[in-house]
Amino acid sequence: GKLVHPTRVNPKADESKSSCHIKGQCNNNDAYVPDSAFLFADRVIVWDHLEKKIYLLVWTKTGGNAAQAARSWMSNVQKTLIIPDTKVVVKGSPKVEPQEVEPPRNSEQCIVLGVPNDKEVLISSIPDDVYVKQIESCLALIKMGETYEVCLTKQLYSTVTVDPSKFYELLREINPAPYGAFFEINPVRSDEAIGIDCSHSNRGTSSFAICSSSPERFLRVNRNGTVESKPIKGTIKRGRNVAEDLELAETLRSNVKDRAENLMIVDLVRNDLGRVCESVSVPKLMQVETYETVHQLVSTVTGCIDTERYSTLQTIRAAFPGGSMTGAPKLRTMKIIDEIEPCERGVYSGSLGFLSINGAADLNIVIRTAVITPNGVTVGTGGAIVALSDPTEELNETKLKAEALNTSMCSYIIKHGGV
């Protein structure tokens, strides 16, 4: 996993150099969460939901005690998952197809019944009127020609004590998403029960967890050097029936403001990838994608990395932070964000995913995400401000985007209680 702070930019620094300063914190959660966190996953259980298969992966030396330990771990995991007659494969052995198994059933979907629609467990760190004034400041800067688009955000928080894994189960039910993720550091562990060696884990980091239901891909890099980004700009709620739902989707597709937002970020991503790619294309422009609670306007930008000159890490660096969370032009707008937003964003609007030893990578944009620490829960939300933006509508959009997280918190309290 990779978690980073995207807005620690010094407004007085030269744009060609990277530097940082520490901003104020809106709550105590950031004290628990580092700028970045990595876990070397040398033993992995991969559940392929599409193929309905489980893969057990081990990175180890061949032969001797290491290979025996790998076989033992696989055997213990197999018994724990109750998969009869699954064949174990160690690197170098003939290929054996994994046993096909049925995925686990979800809990009842009616768990959110009884949650008041107007109950807000997550409280904004800044009042609505202050956020509206910040939007107006962005609009003034756009009118002055300082920027074209600003992704303005704010933090929501709750002091409710949450069990991260139980909360994530609820979040997956309420708001399933293609780039969702669960990442936990220094949890209460029972790994020894299935023979996992935790001796190399980072015990020096305070406990925190990331529960993400992100619909947005930052970057996917294949080992052959192809790269894909899927920026989102444009959001509208789902309808109450099929007819209304289709009407709202078409409203989003044809909305001039949303299309302008999306096009500017597509151009920005094309420019970012153009630094390291031999060619860049846009196979899908402004397609409506539908999720549990919202419709989104999504574009797909692809490229072929110049692998003779640039690595996967250099590609990520060229594009980070994701343009959909900054605005355009990127560097100038990041400085504007740094001046307007009162707190650092933390994990929110950063990225979470995997980097593989073969050069492959897949990273999301950290949105629709809860950061859980012993102090409580924080959730980031925001939206793009352009010349056509209406402050009240933009404020309402931030609440729409946080709705699934707020509902998940309400459901958690109803089911598990909270302090």
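The model is predicted, so local features need pLDDT of at least 70 and side-chain atom pairs count only at pLDDT 80 or more, while totals for chains, interfaces and linings use all residues. Residues are numbered from 1 along each chain as its sequence is written, and side-chain values use heavy atoms, with hydrogens and water left out.

Start with the whole chain. It has 8 helices and 16 strands. Helices (H or I, at least four residues) and strands (E, at least two) are DSSP runs, numbered from the N terminus. Of the 419 residues, 48% are buried. Buried means under 20% relative accessible area, exposed means over 50%, and partly exposed lies in between (1.4 Å probe, protein chains only). The chain exposes about 21,200 Å², and carbon and sulfur atoms supply 51% of that area. Such areas come from the Shrake-Rupley method with a 1.4 Å probe; for residues, only the protein chains shown count as cover. A contact means heavy atoms within 4.5 Å. Among contacts between residues at least 6 apart in sequence, 74% join residues at least 24 apart.

Now go inside. In soluble globular proteins, nonpolar side chains tend to be buried together. A nonpolar core is a set of buried Ala, Val, Leu, Ile, Met, Phe, Trp, Tyr and Cys residues joined through side-chain atoms within 4.5 Å. The largest core here has 22 residues. Those with the most contacts inside it are F218, L219, V227, L273, C277 and M325. At least two residues of this core come from each of β7 (217-221), α5 (256-274), β11 (294-305), α6 and β14 (361-365). Helix α5 gives the most, with 4 residues. Another core, of 20 residues, lies apart from it; Y168, A402, M409 and C410 are among its members.

Take V227 as one example from the largest core. Not counting residues up to four places away in sequence, V227 touches L219, R220, V221, L273, C277, V301, T302, G303, I305 and T315.

What about the cysteines? The structure holds 0 disulfides, a disulfide being a pair of cysteine sulfur atoms within 2.5 Å. For C138, the nearest cysteine sulfur is that of C151, 9.6 Å away. C138 is buried, at 0% relative accessible area. C410 is buried too, at 3%.

Charged pairs come next. A salt bridge is a side-chain nitrogen of Lys or Arg within 4 Å of a carboxyl oxygen of Asp or Glu. The count comes to 19. One of them pairs D128 with K154, at 4.0 Å from N to O. D128 lies in helix α2 (residues 128-143) and K154 in strand β4 (residues 149-158), so the pair ties together parts that are 26 residues apart in sequence. D128 is partly exposed at 32%, whereas K154 is buried at 5%.

A second salt bridge joins E228 and R217, at 2.5 Å. E228 is in strand β8 (residues 226-230) and R217 is in strand β7, 11 residues apart. Both E228 and R217 are buried. Shared partners extend this into one network of R217, R220, E228 and D362. Elsewhere, E244 bridges to R240 at 3.2 Å. R240 is exposed, at 77%.

End at the surface. F38, L313 and L355 form a nonpolar patch there, with about 310 Å² of accessible area together. Patches are made of residues with over 30% relative accessible area and no salt bridge; like charges are joined within 9 Å, and nonpolar side chains (Val, Leu, Ile, Met, Phe, Trp, Tyr) within 5 Å. L313 lies in helix α6 (residues 312-319) and counts as exposed, at 57%.
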